[in-house]
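Trainee: I would like a close look at one part of this model, along with its surroundings. Could you walk me through it?

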Amino acid sequence: MAVTGGILFVFVVAHLLGNLKVFQGPEHFNAYAEGLRTVGAPFFGRGWVLWMVRSVLLASLFAHIWAAVGVTRASWRARPVAYRRLDLVETTYAARTMRWGGVIIFVYVVYHLLDLTFGRVNPSFVPGDVYHNLVASFQRWPVSVAYIVAMVVVGLHCYHGLWSALQTLGLHRPPTVAWRRGVAGGIAAAITAGYVAIPLAVLGGVVR
Amino acid sequence: MRLTLHVWRQAGPRAAGRFVRYDVPDASPDMSFLELLDVLNQRLITRREEPIAFDHDCREGICGACGMVINGRPHGPRRATTTCQLHLRSFRDGAELWIEPWRARAFPVLKDLVVDRSAFDRVIQAGGFISVRTGSAPEANSVAVPKQDADLAMDAAACIGCGACVAACPNASAMLFVAAKVSHLGLLPQGQPERARRVVTMVAQMDAEGFGACTNHGECMAACPKDISIDFIARLNRDYLKAVASGKPQAARANGGDG
């Protein structure tokens, strides 16, 4: 969970940094999208590195889901008779929504790929003009709202995931106790804020 | 004080259980929770009814025998307190209390509030022995233990194996118990020779017993009557990864030795 989650977390951060180039205008943003395909040239052919990264991500995603299903099944089996009531006093909203949050994120990612990578559900998809595709999609407010909700879920998932990973990998030692939750929360909030800024800018007419 | 109890009654391991209501109109706030059940049981016996079965032994919070979930909280509402050390002054007059056994597949109910916790014993057994010099006692200062290690080992060794961590965990995971047991030996020089093998075998036994998987909710820590921190779970994970990476447990198996 922690290792594949870590890989996916790196992607979430890198994807955000790349996406924020949308604020630099269509030339920069489209050049960035094209740049992803020509990374490593001339050693690698066009799109090779991109597909290598994509295959690692895809493998990580399915390994993450496979591990999550295993953990969830083990936990459900472990308590066949439910309590009438179990008071939760220490856990967080983020920790309790990891499972359904994960499902929401997965559903969202499928839609997101159909919208902006394959263009199947995009209102006016132009291959190569990612700036145009993004603006066209986010100008529909339900799409933007769904995106914002999904990014809040991503933030919660990252918050619990980050500090959990420190536990699982045994990286967390006494000096980290004081700040691990704060740092995880800060990073997660920054991720959500960064992503949410994009549809808000489109709806607000800043990015057109 | 007047209390209304809804107690889980279950005649045997395979019988169906249900809550039964009992009114105790004259409880004293100075009674411990177990004394409340004693008084109630005495009345049940006088009425020729079956008394409520519950585990208890030392009644001073150090043996780990007692434990029940009271209104959704293992060992009741007070932090760092076993059921036997919980007094009725922790509840308001007229309170309605729902009392359930620990619920986990690895802790099957034997009767009423008594569960079979031998899964914990098997995890401990899987840990095996430690190599110590027997015979005459060694000079106390011949093995130096840094103060902070001794303190930390003591914090872990405070675990009384009551099972509240499993009961409180939304996943019914036993990570805190195993973490405490692995850490208290792992922090001390006497625990070093078998350290790698011990953590791997204990975790394997924990999984075999059917406990759930830890997802870092931290509920175990809140329920623990000995206030054991989930920092020990990070330490367990670290020890486990190191042990697997060292190859020692695998080597021990390959050579036919059990450690």
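Among contacts in chain B between residues at least 6 apart in sequence, what percentage join residues at least 24 apart? And once that is clear, please take me along helix α6 of chain B.

Mentor: Happy to, and please keep in mind that this is a predicted model. The figure you ask for is 71%, counted among the contacts in chain B whose residues are at least 6 apart in sequence. Chain B is built from nine helices and seven strands, and its C-alpha atoms fill a box of roughly 60 × 40 × 35 Å along the principal axes. Of the 259 residues in the chain, 45% are buried.

Now to your helix. α6(B) runs over residues 195-208, and its 14 residues reach 20 Å from the first C-alpha to the last, close to the 20 Å expected at 1.5 Å a residue. It is mostly covered, with eleven of the 14 residues buried. The buried stretch takes in Arg195(B), Ala196(B), Arg197(B), Arg198(B), Val199(B), Val200(B), Thr201(B), Met202(B) and Val203(B), and Gln205(B) and Met206(B) are buried as well. After the helix comes Gly210(B), which has a positive phi, near 85°.

Chain B also has a partner: 31 of its residues are in contact with 28 residues of chain A. On the chain A side, α3 (48-78) and α7 (141-168) each supply at least two residues, and α3(A) gives the largest share, five residues. By class, that side of chain A has 15 nonpolar, seven polar and six charged residues.

Notes:
Residues are numbered from 1 along each chain as its sequence is written. Chains are lettered from A and ligands numbered from 1 in the order in which they are written. This is a predicted model: local features need pLDDT of at least 70, side-chain atom pairs count only at pLDDT 80 or more; totals for chains, interfaces and linings use all residues. Helices (H or I, at least four residues) and strands (E, at least two) are DSSP runs, numbered from the N terminus. The expected span of a helix is 1.5 Å times one less than its number of residues. A residue is buried if 20 or more other C-beta atoms lie within 10 Å of its own, exposed if 12 or fewer, and partly exposed in between; C-beta atoms are placed from the backbone. Two residues are in contact if their C-beta atoms, placed from the backbone, lie within 7 Å. Ala, Val, Leu, Ile, Met, Phe, Trp, Tyr, Cys and Pro count as nonpolar, Asp, Glu, Lys and Arg as charged, and the others, Gly among them, as polar.
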